[in-house]
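Please examine the sequence and the structure shown below.

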Amino acid sequence: MATILTVDDSASMRQMVNFTLKGAGYDVIEAVDGVDALSKAKGNNPDAVLTDVNMPNMDGITLIQELRKLPSYRHTPMLMLTTESSGDMKTKGRTAGATGWLVKPFNPEQLLATIKKVIA
Amino acid sequence: MTIDISQFHGVFFEESFEGLEVMESELLELDASSPDVESINNIFRAAHSIKGGSGSFGFNDVTNFTHVLETLLDEVRSDKHKLNQDEVNLLLSSVDCLREMLTAARDGTDVDEAQVKSIHDELECALSNECVTETETETETETEAKTKTETEEHAVVKNESEVLAAALEWHIHFAPHLHLFQTGNDPLRMFRELEELGALTSTANISKLPPFNKYDAEECYLSWDLVLLTEAKAEKIKEVFEWVEDDCELSIEQGNQQETSNVVNVIADNATPIIEDVDVNKVVPVAEKKKDADKKAGASNETTSIRVNISKVDALINMVGELVITQSMLSQFGEEFDMNNIEKLSEGLKQLERNTRELQENVMQIRMLPISFSFNRFPRLVHDLSNKLGKKIELKLSGEATELDKTVMEKIGDPLVHLVRNSIDHGIEMPDERLAAGKPETGTLNLNAYHEGGNIVIEIVDDGAGLNRERILKKAIDRGLVKENEELSDDKVNELIFSAGFSTAEQVSDVSGRGVGMDVVKRNIHDLGGVVEVKSETGKGSTFTIRLPLTLAILDGQLIRVGTQTYIIPLISIIESLQTSIENTKSIVGEVELYRLRDDYIPVVRLHSIFNIPCDSTKLNDGLLVVAEAEGQKIGLFVDDLLAQQQVVIKSLETNYKKVEGMSGATILGDGTVAMILDISSLIRLYREQAEYKTSSAMNNQAA
């Protein structure tokens, strides 16, 4: 089954997302911020990355930038979880190499629908 | 199929409260004129997380409130807004407000709407830099109204378009830029999405493909012309390409011009790529307020979690390992039983006792947290209260690393706050008074915690004016608590402040109608199995000392016997025990017996009568009287015998059977029998009911 790397500094969000994704049959790798995600990314090969933007140590945008530098992540779908739907965020994300975004707050159903958009 | 995420609400609340503490401590240290960048970021992130989480879990009022807060913080962190000290105070008030809102959401109670709105408006005011009283900035209701009309328009329009046209033919031209793949996007997935909307045919344009030797597999040279037959609106089609709209050339036009409806075109023009359309809006959960049938019980039934240092867990695992070793050694002995090896058995049992004790101590440690969690609310409190009263006070904390049981810490919070407020209100004098008395202008308040014996000791020390003996005495006499010419030591006078009905009349600060008085503080501490006392020196200051057991699960008890039954009285409730002498007993109407103990008349509570069990003898001379106290009431428990004093593990009757009046729990003794632990206050109630009944029936008999 497909694996998703989820990154969020909020434990409740991680748990909620984890629960939703696992319930739909995905495997999940969790990370608490960009630094943690990068180290977990190097040993794994997820089919998609789902990352919060505002996190300590390394934010989501920087994470996506760094991940894109890794050969196995050049085309991996990467989604930002953001509370803004402003053009500014979209531009920043796209420039960093993000595939798309999911606007917070979202419910589990929206999450699954969005994941389906990037995983076959 | 709705996925239930309410199981994560607990975690969300916990991390939100933690986030609020971060915000508060950072705000307290913040220098408004040149705020530390890292601080602002931390504060922003905390607010942002709370906003995001509350939205996802459906606590929309919290989301709306936090949104304004977050917006202001965002402007500060991107240097668009300069903070001033008043705004920092406003932010602190917002933190308080959020705390209340989250607590209300968690417990299913109500929040002060007016206060929320007022702070919300102040935040908006700070944002817009002009104070608007009314409708200029969007209020919650306005935004709701707006989205309502928007969704209504959609609904109306949808119906109209359904009426007007069935499937429309759309011509889509999609020409992605070269680097589309590098953002992880894939046209194939988008086309699959389009296929879900209707019948799709596509024609690829390969004119831009370079010759093989110049071909880069990571670039997208293709473009497509698609024809989609669908009932979906243009907006829905545009949504499919939402993520790549700036990375491509995209045109979506209607091919079939016959049944063009103006309404449909209007939508196409106004289409903004948003994920939330009509259907999805229905699905966003709004957390229902929990039914507060057992609000009080609910508070104690919360499933909370605790963070434990992994080294504690490792130590436990180690100890369990040792226990297993001891157990197998003993079992081996049992298998190859040999009277000659009795020494080995004895050694093994000693080892077992050691293992068990260590394990017990370490397990209790798991539930322990440093008292800093409780202490860290005080800097803010002292800061605010001393400002409010115009006093200068320095707070010194020591022993913050001292650990105590998590539940005990949660319950000691309010009493501590009250004692600190008391010291600030009535203890520490105004700056000019202090100077006149030759003291430094700034008063000192010391909060100290340490372990002593099996207890944790918390001291609240102030260098204020101390307790005023005359004033206390006068008040006590006024309220009939002491007689006019009674001789009382200083300590006894000081103790009076803990009497019921003694609350000081000059409450300067707002205790929020929690009905807290020193007597409640004493009772709360007593409920935790602890004691509170005060020492004071006029002009120099006062020291309040709280002693609490390290754990709620274990009790120091006095075993007593009534007939064949063994009961346990909490040592802390026992004043003294004595041999009864019949001369000191007086009976009044209907079998109520009073025992004269020095200057007091104490009701005699016959346990054999209350519990309806046989006893050795009903003659008072033959038994013993255990004088116990609860809530300021003394009673004499008539028992057959006093047995040992020991530590017992409290087992709950409620969880194993049901709540029983007169008992606070049970325990299993060394010989395997069950002994009930007496609840003195409950016994007093039981006794009173019985006495009233007996008195009234006796009086009825007399009258008859």
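The buried residues of helix 1 of chain B pack against helix 1 of chain A, together with helix 2 (37–56), helix 3 (60–77), helix 4 (85–107) and helix 15 (378–389) of chain B. Here, buried means under 20% relative accessible area, exposed means over 50%, and partly exposed lies in between (1.4 Å probe, protein chains only). Contact means heavy atoms within 4.5 Å. Helices (H or I, at least four residues) and strands (E, at least two) are DSSP runs, numbered from the N terminus.

This is a predicted model, in which local features need pLDDT of at least 70 and side-chain atom pairs count only at pLDDT 80 or more, while totals for chains, interfaces and linings use all residues. Residues are numbered from 1 along each chain as its sequence is written, chains are lettered from A and ligands numbered from 1 in the order in which they are written, and side-chain values use heavy atoms, with hydrogens and water left out.

**Helix 1 of chain B**

- The buried residues of helix 1 of chain B are B:H9, B:F12, B:F13, B:S16, B:F17, B:G19, B:L20, B:M23, B:E24, B:E26 and B:L27.
- An α-helix has 3.6 residues a turn, so residues three or four places apart point the same way.
- The 21 residues of helix 1 (residues 9–29) of chain B should span 30 Å at 1.5 Å a residue, and the end C-alpha atoms are 30 Å apart, which agrees. The expected span is 1.5 Å times one less than the number of residues.

**Confidence in the model**

- The model scores ipTM 0.85 and pTM 0.53.
- Chain A averages a pLDDT of 89, and 98% of the residues score at least 70. The pLDDT is the predictor's confidence in each residue, from 0 to 100.
- Among the elements of chain A, strand 1 has the highest mean pLDDT (95) and helix 4 (residues 87–96) the lowest (83).
- Chain B averages a pLDDT of 79, with 84% of the residues scoring at least 70.
- Over residues 132–164 of chain B the pLDDT is below 50, and this stretch has 18 contacts in the model beyond near neighbours in sequence.
- Residues 257–301 of chain B also have a pLDDT below 50, and that stretch has 58 contacts beyond near neighbours in sequence.

**The fold of chain A**

- Chain A has five helices and five strands, and its elements run β-α-β-α-β-α-β-α-β-α from the N terminus on.
- Buried residues make up 63% of the 120 residues in chain A.
- Of the contacts in chain A between residues at least 6 apart in sequence, 62% join residues at least 24 apart.

**The sheet of chain A**

- An open sheet of five strands in chain A has the order 2-1-3-4-5, with parallel pairing. Two strands pair if DSSP finds at least two bridges between them.
- Strand 2 (27–31) and strand 5 (100–103) of chain A stand at the edges with a single partner strand each, so one side of each is left without a neighbour in the sheet.
- The twist averages 20 degrees from one strand to the next. Axes are lines fitted to C-alpha atoms, for helices over the stretch in contact, and angles run from 0 to 180 degrees between N-to-C directions.
- Strand 3 (residues 48–52) and strand 4 (residues 78–82) of chain A pair in the parallel sense over four bridges, and A:D52 stands opposite A:L81 in strand 4 of chain A.
- Helix 1 (residues 11–23) of chain A packs on the sheet and touches strand 1 (3–7), strand 2 and strand 3 of chain A; its direction makes about 165 degrees with that of strand 2 of chain A.

**Backbone geometry**

- Most residues other than glycine have a negative phi, and most peptide bonds are trans.
- The peptide bond from A:K104 to A:P105 is cis, with omega near 0 degrees, and A:P105 lies in the loop between strand 5 and helix 5 (108–118) of chain A.
- B:D79 has a positive phi near 60 degrees and is placed in the loop between helix 3 and helix 4 of chain B. B:D79 is exposed, with a relative accessible area of 63%.
- B:N612 likewise has a positive phi near 60 degrees, and B:N612 is exposed, with a relative accessible area of 69%.
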